[in-house]
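I opened this notebook to record what I looked up in one structure. The sequence and the coordinates come before the entries.

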Amino acid sequence: MKEDRNATSNSKAWKPFTANCCSAEDHAIFSNFSRCRPSRSDFSKNIAPTPSFQRLSFSDLSRSSSIRITEDLAQSFGGDLYDFQMSELRAITQSFSSNFLLGEGGFGKVYKGYVDDNLRQGLKAQSVAVKLLDIQGLQGHREWLAEVILLGQLRHPHLVKLIGYCCEDEERLLVYEFMPRGSLENHLFKRISVSLPWATRLKIAVGAAKGLAFLHDAQKPVIYRDFKTSNILLDSDFTAKLSDFGLAKMGPEGSETHVTTRVMGTYGYAAPEYVTTGHLTTKSDVYSFGVVLLELITGKRAMDKSKPKGEQHLVDWTKPYLKSSRRLRYIMDPKLGGQYSVKGAKDVAHLALQCVSPLPKDRPKMPAIVEILDALQNLKDMAISCGQWPIVTSNKTSKNRVSVHKNTSHWKPSPIAPTRKG
């Protein structure tokens, strides 16, 4: 759920807000997007050639007719993106049948379809995901347009590939490559899913980090602004790809240290300085990445109002455990069953703690994060082999201990708290 802090004095700091990629302050965000060329780092080698956008202005297109928008997008992207007709997308989804429904989010429903060169000459035969945006006004259109312009230019193994779009009358659709494993959110938190092994969790973390590093490493950085488990999609071999770029924003230029914008994103993942001031930097994404690392470690959601008050906010609840190697095992996801690297978990926890630092300057940059995580992928010191699992403690819970049942299927950590004296 997207959130906005523009509330009245009698309202909560965050309230539900429909999708909006750019407000009035963003009128020039994409007008010169061709300047967003990456540097020569390893994270920028897979970018597609950037087209010229002499005519493609975000502010102009957001007010244009669907015919004008289609013409300008076609001229700018040429054969890189397919301009689909609504009738074609109805055909490949059987009129958006519920049998083809993959999911539904704040921006609309997503359906599975299949395309090949019978639909368009030269089109690769493949399954696709078709997002039908629910545009109740300008905001849905802006979010759609932002995603077309950004993903139409950026290509990277860890960004979901945009195949095409549809802009017909009031309809706005996006056609992506199909990601058969779905979202990381589903694998971590849905009861019906098989638990992700530690090695797979690390692989996903590395892939997602490379995607963010690629965006941040551009000559004009792109701030993702909505990094979370539901936006990390997985292909058949669990390669992670970032999706849903409607909230992405161009980073600061020249001597500027940040961009100021309306606060949007998802509560629990948004950096505290962004929530309070609206100041957005690439370090805002780093904070969100740290939250996802904590979710990978613990198997718990960033925010969970069903938990006791002290456990609802994952960052606050885990910090006492992250600072101590001895305590860390008490918050490791019990579904791992001790099959995780002791050193790997310790280093990931330390990295997560750095990422969620309240001070943006203390958070590491994404290329450094990639390097750290990459080095942890082949460690073999499993906790269950090192005598650190299962966790057995005294029945009496002391100040620094957590009472845990031997049966790991019922294992449930509790927050560290002083023992109450009778």
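**Entry 1. Model.** I note at the outset that this is a predicted model.

**Entry 2. The six-stranded sheet.** I looked up the strand order and found an open sheet of six strands, S3-S7-S8-S6-S5-S4, with mixed pairing. The edges are strand S3 (82–83) and S4, each of which pairs on one side only.

I then went through the pairs. S3 and strand S7 (residues 162–168) run parallel and are joined by two bridges. In this pair Tyr82 stands opposite Gly164 of S7. S7 and S8 run antiparallel, with six bridges between them. Here I found Cys166 opposite Leu173 in S8. Strand S6 (residues 126–133) is also antiparallel to S8, through five bridges. Ala129 has Tyr176 in S8 as its bridge partner.

How much of S8 is covered? Six of the seven residues of S8 are buried, and the strand is thus recorded as mostly covered.

**Entry 3. The S7–S8 hairpin.** I checked the turn of this hairpin and found two residues between the strands. Asp169 takes a positive phi near 55° there.

**Entry 4. Salt bridges.** I looked up the total: the structure holds twelve salt bridges. I examined several of them.

Lys241 and Glu177 meet through their side chains at 3.1 Å, N to O. Lys241 lies in strand S12 and Glu177 in strand S8 (residues 171–177), so this pair ties together parts that are 64 residues apart in sequence. Both Lys241 and Glu177 are buried.

The side chains of Asp226 and Lys228 form another salt bridge, at 3.8 Å, N to O. Asp226 and Lys228 are both buried.

For Lys335 and Asp333, the closest N and O atoms of the salt bridge are 3.3 Å apart. Are the two partners buried or exposed? Lys335 counts as partly exposed because its relative accessibility is 45%. Asp333 has a relative accessible area of 1% and is therefore buried.

I also recorded a network of salt bridges that links Lys131, Glu147 and Asp244.

Entry 5. As background, most residues other than glycine have a negative phi.

Asp244, already listed in the salt-bridge network, has a positive phi of about 65° although it is not a glycine. Where does Asp244 lie? Asp244 is in the loop between strand S12 (240–242) and strand S13 (249–250). I record Asp244 as buried because its relative accessibility is 15%, under the 20% cut-off.

Gln94, likewise not a glycine, has a positive phi of about 50°. The loop that holds Gln94 runs between helix H3 (86–92) and strand S4 (101–105). Gln94 counts as exposed because its relative accessibility is 52%, and the cut-off for exposed is over 50%.

**Entry 6. Ser183.** I placed Ser183 in strand S9 (residues 182–183). Its relative accessibility is 8%, so Ser183 counts as buried. Which residues does Ser183 contact, leaving aside its neighbours within four places in sequence? I found Thr229, Ser230, Ile232, Leu233 and Leu234.

**Entry 7. Helix H12.** I looked up the buried residues of helix H12 (residues 366–374) and noted Met366, Ile369, Val370 and Leu373. They cover an arc of only 100° around the axis, which puts them on the same side of H12. The general rule I set beside this is that an α-helix has 3.6 residues a turn, so residues three or four places apart point the same way.

Against which helices do the buried residues of H12 pack? I found helix H6 (198–216), helix H8 (282–298) and helix H11 (342–355).

**Entry 8. Recap.** I return to S8, which pairs antiparallel with S7 and antiparallel with S6. Glu177 of S8 meets Lys241 in a salt bridge. I also return to Asp244, which joins a salt-bridge network with Lys131 and Glu147 and has a positive phi of about 65°.

Notes:
Residues are numbered from 1 along each chain as its sequence is written. This is a predicted model: local features need pLDDT of at least 70, side-chain atom pairs count only at pLDDT 80 or more; totals for chains, interfaces and linings use all residues. Side-chain values use heavy atoms; hydrogens and water are left out. Helices (H or I, at least four residues) and strands (E, at least two) are DSSP runs, numbered from the N terminus. Buried means under 20% relative accessible area, exposed over 50%, partly exposed in between (1.4 Å probe, protein chains only). Contact means heavy atoms within 4.5 Å. A salt bridge is a side-chain nitrogen of Lys or Arg within 4 Å of a carboxyl oxygen of Asp or Glu. The arc is that of the directions from the helix axis to the C-beta atoms. Two strands pair if DSSP finds at least two bridges between them.
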